[in-house]
Structure formats: C-alpha cells, structure tokens
Amino acid sequence: MIKAVSARTRLRGEMTIDPDKSISHRSVLFSALAHGDAQINNFLIAEDTLSTLSCVQRMGVRAKREGRTVWVSGQGWEGLREPATILDCGNSGTTMRMFSGVLAGSRFFSILSGDESLNRRPMRRVIEPLKKMGARIQGRSGGTYAPLAINGTPLRGISYDMPVASAQVKSCLLLAGLQAEGATIINEPGISRNHTEIMLQAMGADLSVRDMTITLQPGNKLHAQDITVPGDISSAAFFLVAASIVPDSELLIKDVGLNPGRCGVISILNQMGAAIQIENRRRSCGEEVGDLVVKSSALKGISLDGSTIGTYIDEIPVLAVAMAAAEGRSEVSGAGELRVKETDRIEAVCKELSTMGVDITEKDDGFIVNGSRNSLKGAVVESHGDHRIAMSLAVAALIAEGVTSIRDAQAVEISFPRFWDELERLR
Ligand code: S3P
C-alpha cells in the first residue's frame with residue numbers, strides 16, 4: 001500500500017492512542033502461565049500482539065478474544081501442551097524472545113520462527129544465557145538466528161550480567177527463571193522497560209529489584225489478575241512530534257502509559273523546546289498513566305549520548321524527524337541497537353530523510369542532523385516494512401513541501417493499526 005501525505009496547517013483535537021504493545025504481549029503470555037481466569041481489557045489488536053495470542057493458543061491455553069477484550073484461563077506451566085506446528089512469531093521480537101524463555105524449561109519440543117525480518121534479528125543474546133541455565137536450544141547459523149528449536153528441559157538459576165540493556169532479553173531470562181531451580185539474578189547495564197517485573201510481582205512472583213539488579217526466587221505460583229492496558233507512549237510519540245512541529249497545533253492524548261522506563265521521548269522533546277504537559281496522573285495495574293497535552297513550538301537541536309537509551313529506543317526514528325524540524329545541530333550516539341530492530345533503523349532513517357531533503361549523516365552508532373524546518377521536501381519514500389519508519393515518515397510529510405508517498409505503508413498494522421485514520425481525523 002502506498003500512502004500519500006501532504007503538509008498540514010494545524011492538528012487539533014482530543015484522541016486516545018492504540019493500547020500499549022509491550023504490556024499487551026505480557027498480559028496474555030503471563031496470564032497463560034498463571035492459575036485462574038483473567039480478563040484483559042484494552043488489549044492491542046495489531047499483528048505483533050495477535051502473534052503472541054495465537055502462540056499461546058497453540059500451546060493449548062484457553063484464550064478467547066472479542067474486540068479488545070481477551071479472556072485467558074491459565075493452568076500454570078503444567079497447562080502448556082506441545083504445539084503441533086511451529087510457533088509463528090511473525091514480525092515480533094518480543095514474542096520470540098519471551099517465548100524462548102518459557103519454552104526452554106517446558107516438558108516438550110517446540111520451534112519458534114518468524115518473518116524474514118525477525119529471522120534475521122540476533123537471537124544469540126537469549127540463546128547464550130539460556131544455555132547457561134541448562135537449556136537445549138538451537139538456532140540457524142550456529143545459534144545466531146531463528147528458527148529456534150527448543151527441547152524443553154529442567155533449568156537452573158544463574159547470575160547474569162547482561163551485555164546489552166534489553167527488556168526482551170531480561171524478560172526471557174525471568175520467565176526461564178520462574179521454572180528454574182535456585183535464584184536467577186540479573187544485572188542490567190542500563191535502564192530498560194520494567195513491565196515484566198511489575199506484572200510478575202502483581203501476580204505473586206518472588207521478585208525484588210535493587211538498583212540495577214533483579215533477583216527472582218522460583219517457587220511461587222502466579223495468580224491470574226485482570227489487567228487494563230494503557231495507551232502506548234511509543235505510538236503517542238508520533239503525535240507528540242507531529243503536534244510540536246505543525247504550527248498552530250494542540251492535542252490532548254488521553255490515557256497514555258507513563259512508565260518512567262518509557263518516557264524518555266517526553267523529556268527529550270521538552271529539552272528541545274516542546275510544550276508537553278502531563279495531566280491527570282494516576283496508577284492502573286501498577287503502571288503510571290496520564291493524559292498528555294502538546295502544543296506546537298519552535299524546537300532546537302539536541303545531543304543524545306545513549307546513556308538512557310532504553311527509555312526512548314523505539315522513538316529515535318520520530319525524534320530524528322523532530323531534529324530535522326529543529327533549528328541547529330543534533331546528534332544521536334550510542335544507538336547501535338537500532339541496527340538490529342525490525343530493520344536497520346539508522347540506515348533507514350538516514351536514507352529516507354535524506355531523500356526528503358534533510359541534512360542527516362549516518363554514524364556507526366547513530367546520526368547527525370543539521371535541522372532546518374524549511375528543508376523538508378515531499379518525495380517517494382520507503383517504510384522498509386518497518387512500522388515505526390512508516391509513521392515517522394508520515395510525521396515528516398506533515399511539514400514537507402508537496403506530497404510525500406510512503407511505500408509499504410501497511411506496516412503500521414504491526415503496532416498502531418488506527419494510525420492513518422487518526423492522522424486523517426485530526427485534519
Ligand atoms: C520491547 C523491548 C525493546 C523494544 C521493543 C519492545 C519489549 O526491545 O525495542 O519494541 O516489549 O520488551 P529490546 O528489549 O531489545 O531493547
């Protein structure tokens with residue numbers, strides 16, 4: 001699908017954002033591992049999270065969905081059955097990495113596979129520590145890539161210093177640790193989102209966090225909890241940047257998840273001169289939630305050194321658009337992880353924004369932008385099959401001269417299926 005987007009004079013109104021992808025994945029998988037019935041409200045209906053739901057069902061767990069409500073009847077680990085077919089994780093790294101932790105300690109054989117993009121993403125980061133726990137797991141190219149073949153086996157807890165800050169790897173090891181013998185201790189090198197810790201604690205796991213160390217003692221049964229998923233801050237980010245850079249805009253974005261490990265984008269944009277305010281702060285299911293008010297403003301360049309990258313990793317493509325619209329120089333460093341996301345996001349952002357006239361230079365671990373809002377020109381650009389690249393280019397198009405045609409625009413179905421409709425509605 002090709003989407004044509006033209007410049008806008010202003011974006012105004014009130015909106016809700018599609019539900020949080022990370023929390024939706026976890027809500028279904030953890031409920032499947034718990035004992036009892038859970039109702040999940042405001043589950044994200046998108047390709048990635050539907051992959052998780054279907055993998056859970058393929059392991060014999062009773063899970064039913066009507067609209068955005070999902071009911072899961074968990075019977076603990078013992079309720080999981082050997083899947084008769086491969087578990088297809090589609091485009092979702094979160095699904096593959098979390099399931100590998102669950103399946104490593106199961107009593108059966110399973111295979112995890114994904115689409116072309118996912119089967120090119122690094123899996124050694126989960127295979128290596130899982131093997132230290134005793135797992136029997138293999139992947140293509142000597143354990144580098146999926147498909148992954150897993151012979152479930154009893155595991156032992158380990159103490160592990162994670163080489164990269166990654167919530168997916170951390171979650172994989174915690175899930176494996178739940179079935180292991182002895183404690184699992186994880187030392188994180190930097191902040192990553194902690195939805196897994198919050199949800200497992202709420203379900204009764206014996207898990208404690210001190211500084212950057214997580215200690216999990218196995219043994220406690222998980223108890224099913226009803227969960228309401230907040231709006232996804234990573235999806236809200238596209239509208240935060242859009243309303244900041246399109247003149248005369250004002251948006252109210254309601255019910256957005258504000259987990260501190262996800263809010264980097266708000267503080268970065270505000271440091272760039274944006275006017276984003278948080279209202280109606282509250283807590284829901286252990287997570288911080290609030291409403292965001294954003295008004296257009298003149299942005300200035302910023303340098304990001306990567307020290308807290310886990311709090312804004314998924315928002316860097318759209319932050320690059322904010323940097324292009326800002327006056328002055330911006331630099332992103334320490335963001336090498338972007339090269340192993342759904343696509344190489346450093347290369348994709350630099351290539352496509354350059355095509356739109358932006359002065360952006362690729363570095364190994366990031367990029368340099370010399371911003372000037374009048375430099376953006378409509379062009380034919382590519383999503384690279386990556387949802388966040390497609391939406392970032394749409395935001396850039398809102399201030400570009402002429403029309404921008406975005407190829408492979410259906411990629412938004414991965415995380416934010418209502419994106420094009422919402423953009424249209426705010427016209
Ligand atoms: C996610 C963690 C992040 C993020 C991804 C979702 C999660 O990946 O980029 O979109 O739900 O745990 P890493 O853990 O690899 O940094």
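**Pockets, cavities and a sheet**

Analyst: The largest pocket has 41 lining residues, and Ser 166, Ala 167, Arg 193, Ile 313 and Lys 341 are those nearest its centre. The model is predicted: local features need pLDDT of at least 70 and side-chain atom pairs count only at pLDDT 80 or more, while totals for chains, interfaces and linings use all residues. Residues are numbered from 1 along each chain as its sequence is written, and side-chain values use heavy atoms, with hydrogens and water left out.

User: How are a pocket and a cavity defined?

Analyst: Rolling a probe the size of a water molecule over the atoms shows where empty space is left. On a 1 Å grid over the protein atoms alone, a cavity is a set of points where a 1.4 Å probe fits but cannot get out; a pocket is an open set with protein on both sides within 12 Å along at least five of seven lines, and lining residues have an atom within 4 Å of a point. Points are joined across faces, edges and corners, and a volume is the space filled by probe spheres set on them. Here the largest pocket has a volume of about 570 Å³.

User: What is the residue make-up of the lining of the largest pocket?

Analyst: Ala, Val, Leu, Ile, Met, Phe, Trp, Tyr, Cys and Pro count as nonpolar, Asp, Glu, Lys and Arg as charged, and the others, Gly among them, as polar. The lining divides into 11 nonpolar, 15 polar and 15 charged residues.

User: How many cavities of 30 Å³ or more are there?

Analyst: The search of the whole structure gives 2. Among the lining residues are Val 321, Glu 352 and Ser 392.

User: Which helix gives the most to that lining of the largest cavity?

Analyst: Helices (H or I, at least four residues) and strands (E, at least two) are DSSP runs, numbered from the N terminus. H11 gives the most, with 4 residues; helix H10 (316-325), helix H11 (345-355) and helix H12 (387-397) each supply at least two.

User: What is the strand order of the open sheet of 4 strands?

Analyst: Two strands pair if DSSP finds at least two bridges between them. The order is E18-E19-E21-E20, with mixed pairing. Strand E18 (303-304) and strand E20 (359-363) are the edges, each pairing on one side only.
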